[in-house]
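Have a look at the model first, then work through them.

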Amino acid sequence: MTNSPRVSRRQLSDQAADHLRALIMSGTLTPGESVRPESVGTELGISTTPAREALQLLRAEGFLDLTPGHGFTVAPLTGDDVRDLFAVQALLAGELAARAADNGTEAELRELEALHLELTAAARRGDTTGLEEKNHQFHRTVNRMARSRKVQWALSLVVRYVPREFYGSIPGWPEATTADHEALLDALRAADAAGARNAMRAHIAHAGELLAQHFDRRTSS
């Protein structure tokens, strides 16, 4: 019981870090902009201690800089930074997809196919929120099919840097998502591990390039 305040504070700092990552990735917070723990605490209704811990975490991740006398500021974030993140994500997600091809069940494959139909329908009607949610469920199901908790955990450390709610604002992402999933499903249906690995890597790299180009345009404007 004595550890419960520490656990609660850590949860608050993680939530604050997630919030700030989303603001930085969306461009709401721009490079060079000051970020004060007091302001973050007030905005989120938390004390300055977990807010400051969140800022220290984001500094370690490279999202914030700390300058003596000036405090925390938003660090530059470029398209190449995004490409690096997605290169790592593609390796891990590709390995999970290969294992999913070997270990997935027929019931799980039917679940994937149903999710793909739902996300395709959401894309057609322009429902980006629905598309993002179904896409998240689709990838979570593939990862579960892999039966590899440690690789899933490693992937979770990478994907948190790009909030999934952010994808819908990227030009071309809805179309890329629906088209890329078709190739992955074909490989999974055939229990083709190598094909599933390649399809997932290509899919993640495609999504990453679209996002990187978005950042390139934003930083050059």
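**Exercise 1.** Work out how H5 and H8 pack: at what angle, and how far apart are their axes?

*Solution.* Start with the geometry: the axes of H5 and H8 lie 10 Å apart, at an angle of about 165°. Axes here are lines fitted to C-alpha atoms, for helices over the stretch in contact, with angles from 0 to 180 degrees between N-to-C directions. Angles over 145 degrees count as roughly antiparallel, so H5 and H8 are roughly antiparallel to each other. Next, the residues: on H5 the contact (heavy atoms within 4.5 Å) is made by Leu 109, Leu 112, Glu 113, His 116, Leu 119, Thr 120 and Ala 123. H8 brings Pro 174, Thr 177, Thr 178, His 181, Glu 182, Leu 185, Leu 188 and Arg 189. Sorted by class, that's 7 nonpolar, 5 polar and 3 charged residues. (Ala, Val, Leu, Ile, Met, Phe, Trp, Tyr, Cys and Pro count as nonpolar, Asp, Glu, Lys and Arg as charged, and the others, Gly among them, as polar.)

A quick note on the source: this is a predicted model, where local features need pLDDT of at least 70 and side-chain atom pairs count only at pLDDT 80 or more, while totals for chains, interfaces and linings use all residues. Residues are numbered from 1 along each chain as its sequence is written, and side-chain values use heavy atoms, leaving out hydrogens and water.

**Exercise 2.** Now do it for H4 and H7: at what angle do their axes cross?

*Solution.* The H4 and H7 axes come within 9 Å and cross at roughly 150°. That makes H4 roughly antiparallel to H7. Among the contact residues are Leu 85, Val 88 and Leu 92 of H4, and Val 151, Leu 155 and Val 158 of H7. By class, the contact of H4 with H7 has 10 nonpolar, 2 polar and 1 charged residues.

Note on methods: Helix = DSSP H or I, 4+ residues; strand = E, 2+ residues; numbered from the N terminus. Parallel < 35°, antiparallel > 145°, perpendicular 65-115°, else oblique.
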